[in-house]
Amino acid sequence: MRIDLLTKEYPPDVYGGAGVHVAELVRALRSRAGLDVRVRCFGAPRDEPGTTAYADPADLADANAALRTIGVDLPMAGDCGGADVVHSHTWYANLGGHLAGLLHGAPHVVTAHSLEPLRPWKAEQLGGGYALSSWVERTAYEAASAVIAVSAGMRADVLRSYPGVDPERVHVVHNGIDTALWSRRERPDAVRALGVDPDQRSVVFVGRITRQKGLPYFLRAVAALEPDVQVVLCAGAPDTAEIMAEVEGLVAGLRQERQGVVWIDRMLEREDVVALLSSATAFACPSVYEPLGIVNLEAMACEAPVVGTATGGIPEVVADGVTGRLVPIEQSDDGTGTPVDPEAFVRDMAATLAEVVADPQRARAMGVAGRARAVQEFGWDTVAERTLQVYGAVAR
């Protein structure tokens, strides 16, 4: 079977969970006999066999970012002739997959990592391009031979956002984690080099600076923690200048009130992230929109208990009271995920974080349980097998 996998992100250019998913899925699929897996990605040429990269068209260099994306999708679609299945990831590649299916008669499978209707703040980032990205996604989902949702919560979001999609065509295949690469490795000197004291309690956040990650709520919540609890932000790649300015202001205010606020605003090597997670008393995922959250699996695999928002797919990953704690949230139904009562959400998050870091021994036990859950239920071999079952159901 030949599988053409279309994606924006692919190593070394990976900046989010979708890119991690694609890279690991490709690795797991290519380990199977009888599969010809071809990757079509955005950006600079790759040296990896079976992988073709597509640069932005030169004549669209000054165009809206969404138009540039569509310009990349067109040659991608043209090159998919001969594929038995075309599989696209995120709206960036969805149009390429949709057009390839029409052009070559191949079934098109879409993986739902996030949904444009549930990220309306992207209009800040894309302007009129958000209308284009929304149109691309809707068109691809409604025509796809199958939709893979990374959680049951995401499946419900797909069917609510796109009621024209046949529920029989929407399958749940959870994200996965490589528990060999992500495992507890204590490197106190490396942690100190990042400005963090491994001998003191810490709460760690890892993620992009986007509305969906809920970082401003987290920064307000940690102000209530005991002063010896370090607040570690491994956060960069802001979506907009506006949210960056908001985060900078909140961090500055927090530093006026307390010590031990560490902001690492660059992309770290995986081994350094592992070291931070391995030293953390707790890992925080304050997202207001999170289809599953690979970063939670990474933390669990490193034996860090997760304090996450009870939204999206997070409750399918974090077993409340066993591998971490869930923070309740009542959200607006306008698609933004905004808490109905932001102050209550901040208070609940503060109280939950305080509860976990107050008892390091219990936190350690939840971390150990999290590792066991990650190994047992979220391995990439399982993800690959379930994905192949979807391919088999739609392939010619």
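Which strands does helix α10 lie across? Helix α10, residues 270-279, lies across β8, β9, β10 and β11 (282-285). Helix α10 runs at about 145 degrees to β8. Contact means heavy atoms within 4.5 Å. Axes are lines fitted to C-alpha atoms, for helices over the stretch in contact, and angles run from 0 to 180 degrees between N-to-C directions. Helices (H or I, at least four residues) and strands (E, at least two) are DSSP runs, numbered from the N terminus.

A word on the source. This is a predicted model, where local features need pLDDT of at least 70, side-chain atom pairs count only at pLDDT 80 or more, and totals for chains, interfaces and linings use all residues. Residues are numbered from 1 along each chain as its sequence is written, and side-chain values use heavy atoms, with hydrogens and water left out.

Now the sheet. It is open, with six strands in the order β10-β9-β8-β11-β12-β13 and parallel pairing. Two strands pair if DSSP finds at least two bridges between them. The edges are β10 (261-264) and β13 (324-327), each pairing on one side only. Strand to strand, the twist averages 20 degrees.

Look at β8, residues 202-208. Seven bridges join β8 to β9, residues 230-236. V206 stands opposite C234 in β9.

Next, helix α13, residues 342-357. Helix α13 lies across β8, β11, β12 (306-309) and β13, at about 170 degrees to β13.

Last, helix α11, residues 294-301. Just after α11, E303 takes a positive phi of about 70 degrees.
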